Amino acid sequence: MAVRVLIVDDSGFFRRRLSEIISSDPKLQVVGTAENGQQAIEQAALLKPDVITMDIEMPVMDGITAVRRIMAKQPTPILMLSTWSTEGAKSTLDALDAGAVDYMPKRFKDISGDQHIAQKKICQRLIHLATSFHGSNTAQLVNTTPTNVITTSRSADNKAIKLIAIGTSTGGPVALQKVLSQLPASFPHPILLIQHMPASFTPSFAERLNAQCAIKVKQAQDGDRIEAGTAYLAPGGAQMLLKGSKSHPHISIQTGEPDQTYRPCIDITLNSISQFCSAETLAIILTGMGADGREGCRVLKQSGATIWAQDEKSSTIYGMPMAIAKAQLADRILSLADIGKQLAELN
Amino acid sequence: MALDTDDEILQDFLVEADEIMEGLNEQLVELETNPKDSDLLNAIFRGFHTIKGGAGFLSLESMVALCHEGEDVFNILRQGERTVDAEMMDTFLKVLDILNSMFEETKSGEYPSPADPAILNHLKSYLTPGAAPSAPPTPAPEPEPEPQPVVEAVSEAADNDDITDDEFEALLDQLHGDKAPGSSADVTSKEEPAAVAAPDNDDITEEEFEALLDELQGKKKASSTTPKEPATAVETESKTFAEPEPKESEVKKEPEPAVVAASTAPPIAAAKVEPAAKPAAAAKQAETSVRVDTSRLDEIMNMVGELVLVRNRISTLETAIEDEEMAKAVNNLAVVTSDLQTAVMKTRMQPIKKVFGRFPRVVRDLARSLKKDINLELRGEETDLDKNLVEALADPLVHLVRNAVDHGIEMPDVREKAGKPRTGQIVLGAAQEGDHILLTISDDGAGMDANVLRQKAVEKGMMDEESASRLTESECYALIFAPGFSMKQEISDISGRGVGMDVVKTSISKLNGVIDIQSEVGKGTILSIKVPLTLAIMPTLMVMLGDQTFAFPLVSVNEIFHLDLTNTNIIDGQQTIIVRNKALPLFYLRKWLASSFNETERPEFEHVVIVNVGTQRIGFVVDQLIGQEEVVIKPLGSMLQGTKGLAGATITGDGRIALILDFPELMDTYARRGY
């Protein structure tokens, strides 16, 4: 059965373009359109779409409010189509806070120079969101009772951890907030954050995390010394690597190559870590589509690192954590709430 | 590289962008009166945002760049970080003009040329929080980086001491003097954003800017007169949807899941679902529109016209047969035909808003340049009329509104002395009255003095003093429509430019429209225009001249008398007849139009049809009156094309050909000037 899509945009022009693009994929079916947030809520209740594309700027009711209301009533994967400007980043992150699962640029050119590829990517993303979305997801997530700790690996839990690296993609912004906000300001380790995100978003995102968390969060800069109690967010459009001497590692930011699928890429960062302090590293893979992080974890694991993965139930998109679990790399598979909790207990 | 103007996506974008631009135009002007209205600010922000989105989709980069800046500024404004001032308004309106010319370029198949960097930088300068709010744009916003460190250094040196605007400007003047010799002139003209924003190499003076805009406007006109008219989308709006019309089901392409879902919902839920379903269905309707080429609509209209003629013919035949069943069928046909006619007419209807929408801007700009305070009120914007009429009315209305602003409303001081509020009021109204549309332009300005007009007419040599003194007041007012009659001593560039009021009258008359003026000195003027709803099908009065049938456009017919024509007077060599104590010129149409005319055997009493021609009332003697009939105007055959005084021909119910009269032209051709 085709994935049923609801399109929300105040521009008729855009609704029609999106309808054309989405209808061109036989696996997708446009079941309705709405011109504003109010209509979106009504249509969503009526049509029960599998996935919704949502504009942010709309009359009557904006997209963020609509997302919040829809997620409260009937959790549906919502893909924000937003402007990738600094302003757009803020409102997109607000929309993610409100419960939207993912976002894509409204300017399809930003996805790919080739229009057909861009259109295909939108369709693929919608199908993926609709099929792998977990209703009980992050935004409205109340800290549930801790799930059982599943220890799949032989590696001991009492290893001394000195560095933490967290990689995530779709659903990550909210997941990272949940995890990092549980850490005390006195958290004794540095954290490297790799969140798939465009360059225009990461500065706003780092600022936002910094404001929400007790620990310090900043966008990583080339040459940054890694310090305890600080999280370094990999800048969008580039790669974050650990460089320098073993005793004094520092962050190196390298321009991303256009042919790299992910910029930042979790595998690249994890690989660079493996040159330093594998055994004392804890790598955590949170919600996200695809399998970025698996190879990096594999390398780290071989040299003794600890790997945690988010569990299926709490993952917005159970893709990357699943890849870790399937490859038998995870030492622990935890719910999002537990990841934060157990991370805070590290010393 | 050229754009494919036949591309559906491009056309779709242009149609939507046009609507947004119209909205922006109004909203910006409204913003001037409500600078803090957050709904308005949001709406304008969204307007730029949506155009940017569409332009981005089509890779119209220069449009994206301009809209992006506009969007950014309005984002700041809507967050209350800045408040709009008059100077900003001017800039925004200029941005709108540039956007407009970009659209024109796009429409003609070219990628829009990039906006002047000066205006982009100027917009950017609003984003700098340091810029003093509300103060006129002191050259503080620096597009060029180089002078900035100096400014900072200086202001740091000044330290705690608040630097006054004047000092600051002086300082900047000085700086510019040093940095860019010869550009100080630009800095002094800081009223002009264009000049200020580009103090360096590429400064553009206001005149140059104006010239550029004019040039662009000129281009726009040229391109819009190209024969290839872009197809217009006929949005089946919710209004038309509310009525059960056959076309509805045809227009709908997609199924309506919303409605289906509502109706299949269990009965218990139905009550709950219904209110939600309604707006949902409305959303669906807005989406269910198809683009139809106007020429296709014309074709349909034409065929419906033919059908009307056939119906007329059958009705006439039926009266001879006197068969009851036949009569029923014919009646049925008549009903269906007129329903079809109305439905087709409706597809061609557009709200007068299309034309009215531009007036807030026109009035605002004019009032600003004339230093008058004017408030424009629009009434009945949603009144629908034929698309062709909407277009044809645009120019005359602009002229009349300009006239009201320029000549009607007095200067604020004068108004105050006269005990009136400083702000003048102009009301532009539209309403449907039966089968015609009534447009009114009223102002509470100085009004017109009939005596002044009489005197003027004599001065201009249009008539002698005696005839002038005999003019009624409304005839005096009508003088303003006479060629070469200008009310102002000196010709201002506002309404004294280009075409005169006579052109307005001619174009209104061409639409079978009638103009009426009422005025009172010191109180104001009301100008009303009556035009038929549509141009394609016309209600007429059929008359006979000799053995020929002629059709008078019914909208022009005022009244019909059966009069004793032995009792007429000759005034100024013109035969006249007194009707209710008013002397009306009298003409024998058969003298002009019928081949056989026998002067001697005339009955005492004859039929006189009083016709409105422009602002005048004229009596025409006809031989026989047949009655009212709806006719379809057919152009005259090539042999007769261009015959003066004839608007076209039509086929009457009895299968004969009737010529449709064009009174303004008829009078021009046959009667003496100055009838």
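Chain A has 11 helices and 15 strands, where helices (H or I, at least four residues) and strands (E, at least two) are DSSP runs numbered from the N terminus. This is a predicted model, in which local features need pLDDT of at least 70 and side-chain atom pairs count only at pLDDT 80 or more, while totals for chains, interfaces and linings use all residues. Residues are numbered from 1 along each chain as its sequence is written, and chains are lettered from A and ligands numbered from 1 in the order in which they are written.

Of chain A's 347 residues, 58% are buried. A residue gets that label if 20 or more other C-beta atoms lie within 10 Å of its own; it is exposed with 12 or fewer and partly exposed in between, with C-beta atoms placed from the backbone. Chain B has 26 helices and 20 strands, and 34% of its 675 residues are buried.

Now for contacts, meaning two residues whose C-beta atoms, placed from the backbone, lie within 7 Å. Take the contacts in chain A with a separation of 6 or more: residues 24 or more positions apart account for 73% of them. In chain B the figure for such contacts is 67%.

Next, find the open sheet of five strands in chain B, which runs in the order β4-β6-β7-β9-β8 with mixed pairing. Two strands pair if DSSP finds at least two bridges between them. At the edges stand β4 (374-379) and β8 (514-520) of chain B, each with a single partner strand, so one side of each has no neighbour in the sheet. From one strand to the next, the twist averages 10°. Zoom in on β8(B) and β9 (residues 524-532) of chain B: they pair in the antiparallel sense over seven bridges. One residue to look for is B:Gln518, whose bridge partner in β9(B) is B:Ile526. Helix α18 (residues 359-370) of chain B packs on the sheet, touching β4 and β6 (424-433) of chain B, and its direction makes about 165° with that of β4(B). Axes here are lines fitted to C-alpha atoms, for helices over the stretch in contact, and angles run from 0 to 180 degrees between N-to-C directions.

B:Glu381 is partly exposed because 16 other C-beta atoms lie within 10 Å. B:Glu381 and B:Phe356 are 25 residues apart in sequence, yet their C-alpha atoms are 6.8 Å apart in space. Leaving out residues up to four places away in sequence, B:Glu381 touches B:Pro351, B:Ile352, B:Lys353 and B:Phe356.

What about the nonpolar cores? Such a core is a set of buried Ala, Val, Leu, Ile, Met, Phe, Trp, Tyr and Cys residues joined through C-beta atoms within 7 Å. The largest has 151 residues, and A:Met54, A:Leu79 and A:Leu126 touch the most other members. Helix α2 (residues 38-57) of chain B gives the most to this core, with nine residues. Setting aside neighbours within four places in sequence, A:Met54 has contacts that include A:Val8, A:Ala40, A:Leu79 and A:Ala100. Apart from that core lies another, of 47 residues, among them B:Ile426, B:Leu453, B:Met501 and B:Ile515.

Back in chain A, two helices are worth a look. The axes of α4 (residues 86-98) and α7 (residues 202-212) of chain A come within 9 Å and cross at roughly 45°. α4(A) and α7(A) are therefore oblique to each other; angles under 35 degrees count as roughly parallel, over 145 as roughly antiparallel, 65 to 115 as roughly perpendicular and the rest as oblique. Where the two meet, A:Thr86, A:Ala89, A:Lys90 and A:Leu93 in α4(A) touch A:Ser204, A:Phe205 and A:Arg208 in α7(A).

Most residues other than glycine have a negative phi, and most peptide bonds are trans. A:Arg263 and A:Pro264, however, are joined by a cis peptide bond, with omega about 5°. A:Pro264 sits in the loop between β12 (249-255) and α8 (266-274) of chain A. A:Val60 has a positive phi, near 65°, and lies in the loop between β3 (51-54) and α3 (63-73) of chain A. Over in chain B, B:Arg580 has a phi near 45°, and B:Arg580 counts as exposed because it has 6 C-beta neighbours inside 10 Å.
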